[in-house]
Amino acid sequence: MMTNQAKIGGAALVALLYTGCTGLTHQAGQTEIMKWPQGKKTAISITYDDGSINQFKKAIPVMNALELPGTFFIITGQIPGSSYQGRFIGRPVAEIIAETAKTATNKHNFFERASAVAFTGYKGGLAYHTQAGGRFEAGDTTAAYQVIYEAYNRIRKGELPSGSEQSNEVSEAAGITWDDLNTFADQGHEFGSHTVTHPYLAVLDEENMLYELEKSKEDILTHLGPAHTFSAEGPYGTEDPRAVEHINRLYPAARNRMPEPFLEELNRGNKTSPTRYADKEYVQWQRGAYTRTTLAEMKAWVDTATAQGNIWLVLVFHGIDGIGWEAVDSELLKTYFQYIKAENDAWVATFGDVARYMRERMDATVDTQMEDARVTVRLTHRLDTSKYAIPLTLKTYLPAALDTAGNTVKVRQGNKEQLVPTVQDTAGVYVQYAAHPNQAPIEITKP
C-alpha cells in the first residue's frame, strides 16, 4: 500500500509515481482539486440589488426556465411581517436639531447627524442623507459636512415640510412577501442582506450602522433560515473601510469587499482588465449592467472570463423594465441568460456558493492511499461545516490496474456511488468526480 498526504493550497497535490508494465510513468494517485466544479473554466454569479419587484416578476421566471440560480440582495424593512423597520438609534432628534444651531457640523458630530437626518420628521431629510453619503464616499468630507449643515439649517428655519418618506429603492421593492421569497429560495435562489432601509452605511454612526446590518440579518434568519445569512451587499456598493469591516464581521461573503489572500477583487467601478491578474489563483470581476449597456458588451464579459480560467464573473443588475435604478430590458436579459446557459465552460452559481467553493478548495487537505486496484481519497477542511459543505470536484490519476482510457471506474463515498468514465491526457489516465469534504473516504475501484 502506498500513502501520502498534502495540504491543497489551491494547487495539485499528492504525486505517487507508478510505473506499469508498459514502462510509462504515470502520476498515479495524484489528486487535484479543480479550480471550478466539473473542471469548468469560469464561475458566474448573477446578482441583483434592492429587490425591485420586476426582478421577481420578470427575471426569476426566465432564470428558472434555464435552471440558472441568482443571488438577490434585499431590503428587509419594507417586507410585510419584518420585525425591524427604519429608525434612528440615539438621542432625541429634537436635541440634535437644536444643537446644530450652536455647533457646526464636523468630524466629531457628522455621523450622528447624518444618521438622524432621515428621521427628523421632515421630508427632504433622506435626500440630504443620500447626498452627504455620496460626497463622503467620494472623499470630499468638507462637502459632506456642508450638506448636513444645510439640511439642519433648513429644518430649523421651517423650510422642509413635515412628514415621513422612503427611498426610491424601498418604494420599488414593494409587493414582495416573505412567503414569495421562501418559494424562490426553494427554487435554488439565494437571498442576502441589503440592510433594513438602504442607507449610506459610510455616514452612519456605529450604533445605527449595526442596526441596519444586524437587524436585516435577524429578519432574514427568521423568515428564510441560516443559509441566507451568508451573503451581503452594503448599499451603493460601499467600499468605505469602516462599513466593510462591520459587514465582513457579520457576513461571511460580502460583495463590497471580501479580503482573501488568494483573491483579487475588481469591483464595478474598477476599469482594470482582469487579464492583468492571470497569475492570481482567483479574480472576482464585477460588471454592472446599466440601461445603455449593449448585449455585445455583456457577452464579452462572459467570453473574457471563460478564456482566462481564474475569473469569477459577478454580474450586478438593479432595475428591470422601468422599475429600479438603471433598468434593463427583460427581453435583453432573456437573450443574455440564454447565452450564459449555452456556455458549457461556465459554472453558474450563487454568490455564496462560489465563495464557499473557493474557500473550501484553498483550505482543503487530501490524503490518498493506493492498494492494487483501489484508490482511497480522504478530503477534509478546517472550516465551519455548518457554513461550508459544498462538494468539491477532484481529479485523480489512476494506477495501472484502473487506467484503461475509455472505460469506467466506480467512485463511492459513503452510501453514494457512481460510474465515472476515465479520461487520458498527457500525464496519464484520470477520473474526475464530485466529493463532499469531511465525510466518508472516497473509494475508486473497478465497476
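This briefing describes the overall make-up of one protein and the architecture of one of its sheets. The model is predicted. The protein contains 12 helices and 21 strands, and 53% of its 447 residues are buried. Four of the strands form an open sheet with antiparallel pairing, which is treated in detail below.

**Overall dimensions and contacts**

- Along the principal axes, the C-alpha atoms of the protein occupy a box of roughly 95 × 45 × 40 Å.
- Of the contacts in the protein with a separation of 6 or more, 70% are between residues 24 or more positions apart.

**The four-stranded sheet**

- The strand order in the open sheet is β4-β16-β20-β19.
- Strands β4 (31-33) and β19 (423-425) each have a single partner strand, so one side of each has no neighbour in the sheet.
- From one strand to the next, the twist averages 35 degrees.
- Strands of a sheet pair through backbone hydrogen bonds, in either a parallel or an antiparallel manner.

- Strands β4 and β16 (residues 392-397) run antiparallel and are joined by three bridges.
- Glu32 has Lys395 in β16 as its bridge partner.
- Helix α12 (residues 351-363) packs on the sheet and touches both β4 and β16.
- The direction of helix α12 makes about 40 degrees with that of β16.

Conventions
Residues are numbered from 1 along each chain as its sequence is written. This is a predicted model: local features need pLDDT of at least 70, side-chain atom pairs count only at pLDDT 80 or more; totals for chains, interfaces and linings use all residues. Side-chain values use heavy atoms; hydrogens and water are left out. Helices (H or I, at least four residues) and strands (E, at least two) are DSSP runs, numbered from the N terminus. Buried means under 20% relative accessible area, exposed over 50%, partly exposed in between (1.4 Å probe, protein chains only). Contact means heavy atoms within 4.5 Å. Two strands pair if DSSP finds at least two bridges between them. Axes are lines fitted to C-alpha atoms, for helices over the stretch in contact, and angles run from 0 to 180 degrees between N-to-C directions.
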